[in-house]
Amino acid sequence: MLIAAVGAPRPSVAADLEAGRHKAAACVACHGPDGNSTNPVVPTLAGQVATYLHWQLLLYRDKRRADPQMAPIAATLSETDMADLAAFFASQRSTSAPPTPADPARADAGRRLAETYHCNDCHGREFAGRDYAPRLRGLSREYLLAQMRGFKARTRGDLDGAMTQAAQPVADADLEPLADYIGSVR
């Protein structure tokens, strides 16, 4: 998986943060001011990995990731638009509400599962993300669970298939404790 992710194409367009700020005005209704969502089913984009954000916009634009709100917006984006938006949101500070603490027993079970399934290998220490994998820290439990279920069901698109492949051995019963734990990481 790591080799596939590292070898995946990287956006090469130079980004303009100020242009990204202006283009992001259309994103505020769902993702919140400066990308800080208050809706648990909509991800916070502030502080997210720029390469990952760019890739997601590309997936939406190319109809390899489906969402009724994102698809029409992404369909109109150029490579420059995507680079500008990704750079802008990546440069913002996440000010989303602190995660809801998970039940200690479930959180501990989720921590052990995250170790078992090697979640930190790609998503980094404390789920801070890295060049090719998104920051999970600060995303809501609801959003995380929906995305994991989508990868497991092969209905959530990803650029190189790494997450879809990684989700397959995860037992259905393990998805909720994983989301509880990852969603509670501060």
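Select Gln147 first: at 15% relative accessibility, Gln147 counts as buried. Buried here means under 20% relative accessible area, exposed means over 50%, and partly exposed is in between, with a 1.4 Å probe and protein chains only. Gln147 sits in helix α9. Helices are DSSP runs of H or I with at least four residues, strands are runs of E with at least two, and both are numbered from the N terminus. Show the surroundings of Gln147: not counting residues up to four places away in sequence, Gln147 touches Arg65 and Arg156. Contact means heavy atoms within 4.5 Å.

Before moving on, note that this is a predicted model, where local features need pLDDT of at least 70, side-chain atom pairs count only at pLDDT 80 or more, and totals for chains, interfaces and linings use all residues. Residues are numbered from 1 along each chain as its sequence is written, and side-chain values use heavy atoms, with hydrogens and water left out.

**Stop 1: Met148 to Asp172**

Draw a distance between the C-alpha atoms of Met148 and Asp172. They are 9.7 Å apart in space and 24 residues apart in sequence. Asp172 belongs to helix α11. At 59% relative accessibility, Asp172 counts as exposed.

**Stop 2: helix α11**

Now select residues 172-184, the whole of α11. This helix is mostly covered, with 10 of its 13 residues buried. Colour the buried ones: Asp174, Leu175, Pro177, Leu178, Ala179, Asp180, Tyr181, Ile182, Gly183 and Ser184. What do the buried residues of α11 pack against? They pack against α7 (104-116), α8 (119-123) and α9 (141-153).

**Stop 3**

Axes are lines fitted to C-alpha atoms, for helices over the stretch in contact, and angles run from 0 to 180 degrees between N-to-C directions. Angles under 35 degrees count as roughly parallel, over 145 as roughly antiparallel, 65 to 115 as roughly perpendicular, and the rest as oblique.

Show side chains at the crossing. From α7, pick Arg106, Ala107, Gly110, Arg111, Leu113 and Ala114. They meet Asp174, Glu176, Pro177, Leu178, Asp180 and Tyr181 in α11. By class, this contact of α7 with α11 has six nonpolar, one polar and five charged residues. Ala, Val, Leu, Ile, Met, Phe, Trp, Tyr, Cys and Pro count as nonpolar, Asp, Glu, Lys and Arg as charged, and the others, Gly among them, as polar.

**Stop 4**

Go to His118, in the loop between α7 and α8. Check the backbone: His118 has a positive phi of about 60° although it is not a glycine. Most residues other than glycine have a negative phi. At 49% relative accessibility, His118 counts as partly exposed.

A disulfide is a pair of cysteine sulfur atoms within 2.5 Å, and the structure holds zero disulfides. Cys119 counts as buried at 17% relative accessibility. Cys122 is partly exposed, with a relative accessible area of 21%.

**Stop 4: Arg154**

Select Arg154, in the loop between α9 and α10 (162-167). Its phi is near 65°, a positive value in a residue other than glycine. Arg154 is exposed, with a relative accessible area of 58%.

**Stop 5: α4 against α6**

Select α4 (residues 50-61) and α6 (residues 79-91). Which way do they run relative to each other: oblique or parallel? The axes come within 8 Å and cross at roughly 140°. The two helices are therefore oblique to each other.

Show the side chains here too. Ala50, Leu53, His54, Leu57, Leu58 and Arg61 in α4 meet Glu79, Met82, Ala83, Leu85, Ala86, Phe89 and Ala90 in α6. By class, the contact of α4 with α6 has 10 nonpolar, one polar and two charged residues.

**Last stop: Ala50**

Finish on Ala50, in helix α4. Ala50 is partly exposed, with a relative accessible area of 31%. Leaving aside neighbours within four places in sequence, Ala50 is in contact with Ala86 and Ala90. Ala50 and Asp131 are 81 residues apart in sequence and 7.7 Å apart in space, C-alpha to C-alpha.
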